[in-house]
Amino acid sequence: MNMNHAQRLILSNQYEILMRLNPERADYYRRCQTIIERGYCLQMLELEKEFGHLDEATCREVIATLEMYHALKVSYENLSPTETADVAANRLDFIGYSRGHEKELADYVCFLLDEEGRFPELGKSCAMLNSELAMRDKYQRMLAAWRDCPRHYKLSIQEIRKVLNA
């Protein structure tokens with residue numbers, strides 16, 4: 001993080017204000033203030049990580065993943081009970097991304113669901129989502145299989161199985 005002296009002074013003052021506004025986190029803000037004031041570059045990199053960054057392509061991938069889960073549910077609900085008998089409905093539930101391995105992706109999903117109010121049809125909120133395993137690779141495989149289907153919102157049970165098993 002490259003900052004000039006004026007920027008460091010401004011940020012230091014902001015941490016001072018935060019210490020007073022949030023006394024329960026004062027120790028954390030005091031540490032951040034010390035890092036900024038003294039210019040500890042290694043620890044500044046640590047602070048920079050908290051800001052996060054998702055590029056446009058990754059954001060679009062996450063949105064496409066949520067749209068795919070919506071399409072799977074819509075398609076499943078339009079099939080007869082005899083067609084869906086061998087696929088449990090809960091397999092169509094979006095379980096989220098791993099907070100331990102994919103924090104930025106999980107945070108973006110929370111933003112989309114809770115802040116933006118998107119994808120209410122999934123019936124999920126941020127608090128309900130946290131996969132124990134990293135899921136991005138699995139979701140990417142599922143997206144590739146879903147995109148190969150000719151009708152994204154009118155999938156057959158075979159196409160649903162293909163996407164789920166990707």
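Predicted model: local features only at pLDDT ≥ 70, side-chain atom pairs only at ≥ 80, totals over all residues.

Author: The protein chain comprises eight helices and zero strands, and from the N terminus on the order of its elements is α-α-α-α-α-α-α-α.

Reader: Why is the protein chain called more spread out than a compact globule?

Author: The globule rule gives 15 Å for 166 residues, whereas the radius of gyration of the protein chain is 22 Å; this is well over the rule, so the chain is more spread out than a compact globule. Along its principal axes, the C-alpha trace spans about 65 × 30 × 25 Å. Buried residues account for 37% of the 166 residues.

Reader: Why are H4 and H8 called roughly antiparallel?

Author: The axes of helix H4 (residues 56–77) and helix H8 (residues 157–164) cross at roughly 150° and come within 10 Å. An angle over 145 degrees counts as roughly antiparallel, and the two helices are therefore described in that way. H4 passes H8 in a left-handed crossing.

Reader: Which residues make the contact of H4 with H8, and how do they divide into nonpolar, polar and charged?

Author: H4 contributes Met68, Leu72, Ser75 and Tyr76, while H8 contributes Ile160, Val163 and Leu164. Six of these residues are nonpolar, one is polar and none is charged.

Reader: What makes Ser75 count as buried?

Author: Ser75, which lies in helix H4, has a relative accessible area of 1%. The term buried applies under 20%, so Ser75 is buried. Apart from neighbours within four places in sequence, Ser75 is in contact with His152, Tyr153, Lys154, Leu155 and Ile160.

Reader: Which residues make the contact of H2 with H3?

Author: From H2 come Tyr28, Arg31, Cys32, Ile35 and Ile36, and from H3 come Gln43, Met44, Glu46 and Leu47. They divide into six nonpolar, one polar and two charged residues.

Definitions and conventions: Residues numbered from 1 in each chain as written. Heavy atoms only, no water. Axes fitted to C-alpha atoms, helices over the stretch in contact; angles between N-to-C directions. Helix = DSSP H or I, 4+ residues; strand = E, 2+ residues; numbered from the N terminus. Parallel < 35°, antiparallel > 145°, perpendicular 65-115°, else oblique. Left-handed = near helix turned anticlockwise from the far one by under 90°. Contact = heavy atoms within 4.5 Å. Nonpolar A, V, L, I, M, F, W, Y, C, P; charged D, E, K, R; others polar. Rg over C-alpha atoms; globule rule 2.2 N^0.38 Å. Buried < 20%, exposed > 50% of the residue type's maximum accessible area, 1.4 Å probe, protein only.
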